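Trainee: I would like to learn how to read salt bridges in a model. Please take me through a case.

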Amino acid sequence: MTTIIKEEALQQFNIGWHSLINNVYAAEELPFFSGIDIIQRKNGMLSVKYTRTTATTHYQAFVLDCLEYKIERLSAKLCEGCGKYGIRRTDLPVIQSLCTSCYALQYSEQHDSVPFSMANQEPQDD
């Protein structure tokens, strides 16, 4: 498999997850690091699969599994748009983890109008 380089991964996602992606690539410091096979959005979270080789021991695989799980969990509460606290938004065409502000922007792009309760505004007379 070809490994995904950091610059490619950064281009795939909005700036809010860039710090998290930098942490993904901090694993390069591990003496048994072999690369990254997959980095993608899955169910609104960042899914990472580190490369395992035939030389990867059970203990090394366990460390990689733990890193993959922790990254996924952190991404579930980190806004992909701005990096602030966010939650998974399932009512968008693509499930994303977003804060309220970024969610309102995404929602309004996808719909003709934002409901007043969503925008946290009072109805305005035209």
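Predicted model: local features only at pLDDT ≥ 70, side-chain atom pairs only at ≥ 80, totals over all residues.

Trainee: What is the general idea, and how many salt bridges does the structure hold?

Mentor: Side chains of opposite charge can pair when their charged atoms come close. The structure here holds 5 salt bridges.

Trainee: Which residue meets Asp-65 in a salt bridge?

Mentor: Arg-52 does, with an N to O distance of 2.3 Å. The pair links distant parts of the chain: Asp-65 sits in helix α3 (residues 58–75), while Arg-52 is in the loop between β2 (45–50) and α3, 13 residues apart.

Trainee: Which other salt bridge does Arg-52 form?

Mentor: Arg-52 also pairs with Glu-68, and their closest N and O atoms are 2.6 Å apart. Glu-68 belongs to helix α3 and Arg-52 to the loop between β2 and α3, so this pair ties together parts that are 16 residues apart in sequence.

Trainee: Is Glu-68 buried or exposed?

Mentor: Glu-68 is buried, because its relative accessible area is 8% and the cut-off for buried is under 20%. Arg-52 counts as partly exposed at 31%, and Asp-65 is partly exposed at 39%.

Trainee: What is the N to O distance between Glu-72 and Arg-73?

Mentor: The side chains of Glu-72 and Arg-73 meet in a salt bridge at 3.8 Å. Glu-72 is partly exposed, with a relative accessible area of 26%, and Arg-73 is partly exposed at 35%.

Trainee: Which residues are joined into one network?

Mentor: Lys-49, Arg-52, Asp-65 and Glu-68 are joined by salt bridges that share partners.

Definitions and conventions:
Residues numbered from 1 in each chain as written. Heavy atoms only, no water. Salt bridge = Lys/Arg side-chain N within 4 Å of Asp/Glu carboxyl O. Helix = DSSP H or I, 4+ residues; strand = E, 2+ residues; numbered from the N terminus. Buried < 20%, exposed > 50% of the residue type's maximum accessible area, 1.4 Å probe, protein only.
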